[in-house]
Amino acid sequence: MPYKKTELKFNGKINTCEIGAGDAAISIGGENTLLFLGDEGFKPAVGIAITDSPEDWSDCFTDIFGDDLKNPAAWAKAAVEKSGADFLLVKLASADPNGANNSVENCVATVVAVEGAINVPLVVEGCKNAEKDAKLLEEVAKALEGKNVVLFSAVEDNYKTIGAAGGMAYGQKVSAESSVDINLAKQLNILLTQLGVKSKDIIMDVGSAAVGYGFEYVASTMDRIRLAGLGQNDESLQMPIITNISGESWGVKEAVSTLEDAPEWGDQEARGIGMEVATAAACVVGGSNAIIVRHPESAKTIKSLIAGLIG
Amino acid sequence: MSKFMVIGERIHCISPAIRQAFADRNPDPILLRAKEQLAAGADYLDLNIGPAERGGEELMQWGVKLLQENFDNVPIALDTANMKAIEAGIQVYNRSKGKPIVNSADAGDRIEYVDLAAANDAMVIALCSKEGVPANNDERITYCSELLERGMERGMEPTDLLFDPLFIVIKGMQDQLVDVLEAIQMITDMGLLTTGGLSNVSNGAPKHIRPILDCSVLAMAMQCGFSSAIVNPCDKRLRETIVACDIIKNNILYADSVFEF
């Protein structure tokens, strides 16, 4: 019997979202099948992460980037060059009021310098304090008007400020963070849309975990979200998914334990990359349209995986 | 399961405003009702041009084009006793958002509407009746089978027939309503899709009572597998019921704001 390829047809379609401006712009999403199962070749984008506070990052990053770690703009440039990433994420960890409590002005200056140093789209991550992030990402949105950056991320407690500033006043993209909660993912999208943010300007940050640390729940969440968007044509879940797995992957014992702690596990850097690649691969197969990693080797590996799958 | 499909019933020549708009080829009242229904979540719009014995073909084409050009190729149920008008409407119909629905066939004089749907790769609403309301579920299932056979003989997919069990009016035939629910369950168990005009259930009841009856029947019918209905989507209570049932049946994902229409 000849082989007959059957393809599941869906009514729904994931929104196409453009990030970045001018020649640097890329678009994510747009697929009307589960990723890699259609023949349209929709390609997840791979981003590389940097931070303004690398103190708790693994030593291997000092070996790779040297003094650039102290200068986010120089680091950003080097990270994009070394990784070939499609976009860059800068985390403003120093803004955390429970940490360095760096001022909004200083952080905005950092972001502006980073943006000027790279020729790929930018994702700006706050410090994960809802109140501070509201002020911070609002000012970031203002300072980078026209650059079409992603504000990463709005949560239930600050979506009004971030949505109004980013999605409406200054024309940026708003990422909505739902921490592996499908109902909240839908709810935040509805709230942002009701506020007046256009669907095409919203990206979902549905959260993640490192593989081996409850990732099954992430996988089923992504599946539910994608099948609701595609199969049930649920417009409030047709936004592209962006996933930053770098913090989770480099925070688990497989990546943190030194060679002295666990000699039988081998090279620490390779373990970190391994955790990151395994997690990122699972996310892109599960539906992430944009995936963010820390290590240039992870970015290259995921890019080649995607290229290999798409053919 | 896919979510419940709402066919908006409000573009109907029984309404004086719509009848006049058809006669004058005046788009405004029709577009207004289309817009309201789509905003209220209608998936399909029913376009009922009445018997349309004269000029039906041209009128249906005008209506189909009017709705699809203004509302992003919205899918339509073409509703008239004039078969030529339905065929003419399908000729100008854009399928990008869904197949046209022929409204409607039955197992009696109107069985050729199934042929019409088959010949035009359309869906069809198939009334499980021959002459008037079926007496019992033996009749309903017999007619359902006849219609199904007719469609399949002509190459239709079984899911392109939407079987209407014929809801009956509570005032006068209350004792038979459970049969209708049972028929929906039986048809669903055969892997087939169902639809129906819900408002008949509460016909003759006071205006403030009707939504209570309509919504309750709808919820009970959905539990039996009822998969679509021809209703007024602008009825807020009905819409709430559909969404709530779709959530309970896991057809759509819950979020706190889903009832903020």
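I take helices (H or I, at least four residues) and strands (E, at least two) as DSSP runs, numbered from the N terminus. I start with one residue on that basis: Leu305(A) sits in helix H11 of chain A.

**Ground rules**

I am working on a predicted model, where local features need pLDDT of at least 70, side-chain atom pairs count only at pLDDT 80 or more, and totals for chains, interfaces and linings use all residues.

**Entry: the nonpolar patch**

I went back to Leu305(A). It is partly exposed, at 32% relative accessibility. I call a residue buried under 20% relative accessible area, exposed over 50%, and partly exposed in between (1.4 Å probe, protein chains only).

Leu305(A) belongs to a nonpolar surface patch of about 300 Å², together with Val285(A), Leu309(A) and Ile310(A). Patches take residues with over 30% relative accessible area and no salt bridge; like charges are joined within 9 Å, and nonpolar side chains (Val, Leu, Ile, Met, Phe, Trp, Tyr) within 5 Å. The areas come from the Shrake-Rupley method with a 1.4 Å probe. Which helix gives the largest share of the nonpolar patch? I find that H11(A) does, with three residues.

**Entry: salt bridges**

I count a salt bridge when a side-chain nitrogen of Lys or Arg is within 4 Å of a carboxyl oxygen of Asp or Glu.

I looked at Lys173(A) and Asp201(A). Their closest N and O atoms are 3.2 Å apart. Lys173(A) is in strand S7 (residues 173-177) and Asp201(A) in the loop between helix H6 (182-195) and strand S8 (202-205) of chain A, so this pair ties together parts 28 residues apart in sequence. Lys173(A) is buried, at 8% relative accessibility. Asp201(A) is buried too, at 7%.

I then went to helix H11 (residues 296-310) of chain A. Glu297(A) and Lys300(A) both lie there, three residues apart, about one turn of the helix. They form a salt bridge with closest N and O atoms 3.3 Å apart. Glu297(A) is partly exposed at 37%, and Lys300(A) is partly exposed at 40%.

In chain B I checked Asp121(B) and Arg95(B). Their salt bridge has closest N and O atoms 3.7 Å apart. The pair links distant parts of the chain, 26 residues apart: Asp121(B) is in the loop between helix H5 (112-119) and strand S5 (123-127), Arg95(B) in the loop between helix H4 (83-91) and strand S4 (101-106). Asp121(B) is partly exposed at 42%, and Arg95(B) is partly exposed at 34%. I also noted a network: salt bridges that share partners join Lys91(A), Glu125(A), Lys128(A) and Glu177(A).

Most residues other than glycine have a negative phi, and most peptide bonds are trans. I looked for departures from this.

Asp121(B) came up again, with a positive phi near 50°. Asn73(B) has a positive phi of about 55°. I place Asn73(B) in the loop between helix H3 (56-70) and strand S3 (76-80) of chain B.

I found a cis peptide bond from Phe152(A) to Ser153(A), with omega near 5°. Ser153(A) is in strand S6 (residues 150-154) of chain A. Another cis bond joins Asn103(B) and Ser104(B), with omega about 10°. Ser104(B) is in strand S4 of chain B.

**Entry: annotated spans and contacts**

I read the unreviewed UniProt entry for chain B. Its annotation "domain: Pterin-binding" covers residues 4-249. UniProt positions are given in the numbering used here, feature names are shortened, and annotations may be inferred rather than shown by experiment. That span is 47% helix and 17% strand, and its end C-alpha atoms are 10 Å apart.

Pro134(B) lies in the loop between S5 and helix H6 (137-153) of chain B. Buried or exposed, where does Pro134(B) fall? Pro134(B) is buried, with a relative accessible area of 3%. Pro134(B) and Leu166(B) are 32 residues apart in sequence and 7.9 Å apart in space, C-alpha to C-alpha.

How values were computed: Residues numbered from 1 in each chain as written. Chains lettered and ligands numbered in written order. Heavy atoms only, no water.
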